[in-house]
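Thank you all for coming.

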Amino acid sequence: MTTTASTAARTGCTPGTPGYRRATIALFAAGMTTFMALYYVQALLPQLSDHFGVSPTSAALSVSLTTGFLAVAIIPASVLSERFGRVRIMAISALAASIVGILLPWAPTIELLLVGRGLQGVLCAGVPAVAMAYLAEEIDGGSLGTAMGRYIAGTTIGGLTGRLIPGFAVDVVTWQWALEIACLVSLAFAIIFWRTVPASQFFAPQRISPATTIGNLLGHLRNPGLLPLFLLGFVLMGGFVTVYNFLGYRLLRGPFGLSEAVVATVFVMYLAGTFSATIAGRFADRWGRRPVLIAAVSSMLVGLGLTVPDNLPIVLVGMFVFTAAFFAAHSVASSWVSARATDHRAEASSLYLFHYYLGSSVVGALGGLAFSAFGWVGVATYVAVLVAAGLGLAVFGQE
């Protein structure tokens, strides 16, 4: 796709129009279904450890493998969207991932569950790989930050819902049925997206070839304005997933000793990201992306530091700040990628998300070693190093 930013600015949907409302509602639903499918097992990692007799690090693979395979599939999915269309790829992805998820709670072994979660990651890839490019093409350039924030808000609520439903349900049904309920809700949002999303107005299919694709990707990687944003996604998402992977284990143990249902309510913190993503998008449109990004990443460090003391109210405040700041940073960084890549936006967005989900997979998995060896202090230190690196990228990355 070679539509220029100026063309999109002249003809894209603007707030208040039916096309804008349908597009943002549909992409909100897409974020819901995809992130429910990605993270619905995270709230029940301790139950997976108990049921299958595996360590926290092994149970966390049910999240890390999914995001890892999603990272691998992001670029192929974005390339296919250049040939077959943004909407078609997103619809197939959302529906197929949700349907596969319905089967997974009944896997008889941890190995089969992990294989299925890897497949689900591949199938999920079509939505995040294409959503940002779709919005960049269809939405007026001056409103892109706000629209992107609404999509990110859908991902935060999807992540929250995917964790809350099984977290609450497991107190009254088996963990398998708790996961099943979450998968059925995810499927419902996939259907809403499919029935609501407007057809692309500014997309023209193009021929794809390995040489062309590799050239486009290398061009983006050589872009000094884009590479720091790709690396930022890697370190911030890796740190964020690490914190949420092992927070449940910490709160179930002493000195807190909370129940599964109470621990599940901690994921309500995701609502902070729902609002912060949208607000950060508006601030970035008004005041510029860099200062908003620096403020968001700095706030992540503050929130992370507050989670260290064994004081539940302070931990919860810290998680609120950390979560809100992360989604604000992600909203700004992702819209900045789309704004800077005036050509071949799908490939640029896919590279950002490749790094983003690769960080979730690799960094999130290695975080289990820090937790096993040094407890929560080890996790906090590990994540603080990553976020500090992200702050350096935000401050010194090329304008």
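This is a predicted model: local features need pLDDT of at least 70, side-chain atom pairs count only at pLDDT 80 or more; totals for chains, interfaces and linings use all residues.

Let me begin with the core. The largest nonpolar core has 128 residues, and those that touch the most other members are Leu27, Phe193, Leu236, Leu293 and Tyr357. Helix α17, which runs over residues 345-396, gives the most to this core, with 15 residues. If you centre the view on Leu293 and leave aside residues up to four places away in sequence, you will find that Leu293 touches Leu229, Leu232, Ala329, Val332, Trp336 and Ala394. As general background, nonpolar side chains in soluble globular proteins tend to be buried together.

Next, the aromatic rings, where the count comes to 16 pairs. In general, an α-helix has 3.6 residues a turn, so residues three or four places apart point the same way. Phe240 counts as buried at 2% relative accessibility, and Tyr244 is buried as well, with a relative accessible area of 1%. Ring pairs also link Phe240 and Tyr244 into a cluster whose members include Phe35, Tyr39, Phe322 and Tyr357.

Now to helix α3, residues 45-52: how many of its eight residues are buried? Six of them are, so α3 is largely enclosed by the rest of the structure. The buried ones are Leu45, Pro46, Gln47, Leu48, Ser49 and Phe52, and what covers them includes α5, α7, α10 and α12. After α3 comes Gly53, whose phi is positive, near 65 degrees.

Finally, consider α5, residues 61-84, and α6, residues 86-103, whose axes come within 7 Å and cross at roughly 130 degrees. Because that angle falls between 115 and 145 degrees, α5 is oblique to α6. From α5, Ala77, Ser78, Leu80, Ser81, Glu82 and Phe84 meet Arg86, Arg88 and Ile89 of α6. Sorted by class, this contact has four nonpolar, two polar and three charged residues.

Technical notes. Residues are numbered from 1 along each chain as its sequence is written. Side-chain values use heavy atoms; hydrogens and water are left out. Axes are lines fitted to C-alpha atoms, for helices over the stretch in contact, and angles run from 0 to 180 degrees between N-to-C directions. Helices (H or I, at least four residues) and strands (E, at least two) are DSSP runs, numbered from the N terminus. Angles under 35 degrees count as roughly parallel, over 145 as roughly antiparallel, 65 to 115 as roughly perpendicular and the rest as oblique. Contact means heavy atoms within 4.5 Å. Ala, Val, Leu, Ile, Met, Phe, Trp, Tyr, Cys and Pro count as nonpolar, Asp, Glu, Lys and Arg as charged, and the others, Gly among them, as polar. A nonpolar core is a set of buried Ala, Val, Leu, Ile, Met, Phe, Trp, Tyr and Cys residues joined through side-chain atoms within 4.5 Å. Buried means under 20% relative accessible area, exposed over 50%, partly exposed in between (1.4 Å probe, protein chains only). Rings of Phe, Tyr and Trp (its six-membered ring) pair if their centres lie within 6.5 Å; planes under 30 degrees apart count as stacked, over 60 as edge-to-face and the rest as tilted.
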